[in-house]
Amino acid sequence: MTEPPTEKITSGSEFPSACIFDIQSFSIHDGPGTRTTIFFKGCPQNCVWCHNPESKNKNPQIMFFKNNCTGCMSCVDACKNGAQIISPCLAHDMLHDKCSLCGKCLEVCCYDALKLCGQPFTSGALLEKIKSDIPYITEHGGITFSGGEPLLYADFIKDFCVLLPAVRTAMETSGYGSKEAIKKIIDCIDLFLFDIKILNSAEHKIYCGQENEIILSNLEYIYEKGKTIILRLPLVPGINDTPQHFDAVLNLVNKYPNIKNIQIMPYNNYGLSKIEALGLNIPEALPRLNPSKETKYRWLEEFLKRGLTNVICN
């Protein structure tokens with residue numbers, strides 16, 4: 001089993017930096033209590049249902065939200081690279097492959113049609129950015145590192161946690177990362193929100209771009225270290241909501257009985273508009289509608305039938 005590379009992004013100084021695309025204060029879905037969630041850019045997987053497709057690329061990107069555009073064409077005049085264009089139907093469009101991230105279009109867009117996604121932070125700069133949250137999250141919640149895949153930024157996260165020793169930490173992770181990265185952060189993360197997407201490795205590669213042996217090996221390592229783990233199960237109608245997957249989850253939980261609980265993460269079509277804003281094509285296999293309440297109840301019943309009672313559906 002080959003270890004994935006540990007990706008490093010540096011600012012040119014002795015301190016590691018990280019490309020972050022969102023910081024959400026007062027988050028209530030990313031761990032216990034009220035938290036500040038840090039979203040890192042970059043992911044070694046390519047899940048077709050990703051609801052944060054802007055997190056896949058490790059570099060900053062400009063997103064174009066057509067529905068917000070008024071057609072003023074100020075960005076077309078400002079762009080010197082031909083990335084902002086007038087389409088054949090005389091509307092504004094964007095050629096993402098020509099964008100140099102000069103930011104001129106952002107300066108003239110007044111309607112949030114264009115958005116910069118991702119900027120580099122050092123640990124000190126991130127601390128300054130969230131300093132107003134610190135008293136509250138220290139008392140009532142904590143910090144959650146999400147993404148993308150935060151394991152790509154193990155050095156950064158380790159350095160950042162040193163700055164906030166009193167704040168409880170959680171990490172949302174796909175588990176796809178090097179053992180070296182996990183060893184770096186294992187002692188500074190209190191809770192792992194660990195994604196289990198598909199347990200059949202061949203199917204995992206089809207829908208997520210990678211096989212899952214490394215993921216399962218890292219889950220075992222984290223479990224044996226005695227860390228608190230919540231399994232998160234992204235369920236997508238027609239892709240992984242099958243009896244075979246439910247059976248495999250049961251076998252996994254039986255293998256690791258001290259896992260705290262299981263959270264079903266129903267598919268959310270929120271990512272569709274962002275796929276288009278990145279100039280990409282929506283995968284044909286992706287549902288256009290969110291699962292119904294009846295579908296979510298059925299998923300819960302499937303786990304209850306298998307004797308799993310510590311299951312939550314978000």
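**View 1. Confidence across the predicted model.** Mean pLDDT for the protein is 93. Residues at 70 or more make up 95% of the protein. Residues 5–14 fall below 50. Beyond near neighbours in sequence, this stretch still has 13 contacts in the model. Where pLDDT is low, the predicted coordinates should not be read in detail.

**View 2. The salt bridge between Lys274 and Glu54.** The closest N and O atoms of this pair are 3.0 Å apart. Lys274 sits in helix 10 (residues 271–277). Glu54 sits in the loop between strand 2 (34–40) and strand 3 (61–64).

**View 3. The salt bridge between Arg306 and Asp247.** The N to O distance is 2.7 Å. Arg306 lies in the loop between helix 11 (293–305) and strand 13 (311–313). Asp247 belongs to helix 9 (residues 243–255), 59 residues apart from Arg306. Arg306 counts as buried because its relative accessibility is 17%, under the 20% cut-off. Asp247, at 35%, is partly exposed.

**View 4. Glu302 and Lys305 within helix 11.** This salt bridge has its closest N and O atoms 3.6 Å apart. The two residues are three apart in helix 11, so about one helical turn separates them. Glu302 is buried at 14% relative accessible area, whereas Lys305 is exposed at 64%. Salt bridges with shared partners join Asp247, Glu302, Lys305 and Arg306 into one network. The whole structure holds eleven salt bridges.

Conventions: Residues numbered from 1 in each chain as written. Predicted model: local features only at pLDDT ≥ 70, side-chain atom pairs only at ≥ 80, totals over all residues. Heavy atoms only, no water. pLDDT = per-residue confidence, 0-100. Contact = heavy atoms within 4.5 Å. Salt bridge = Lys/Arg side-chain N within 4 Å of Asp/Glu carboxyl O. Helix = DSSP H or I, 4+ residues; strand = E, 2+ residues; numbered from the N terminus. Buried < 20%, exposed > 50% of the residue type's maximum accessible area, 1.4 Å probe, protein only.
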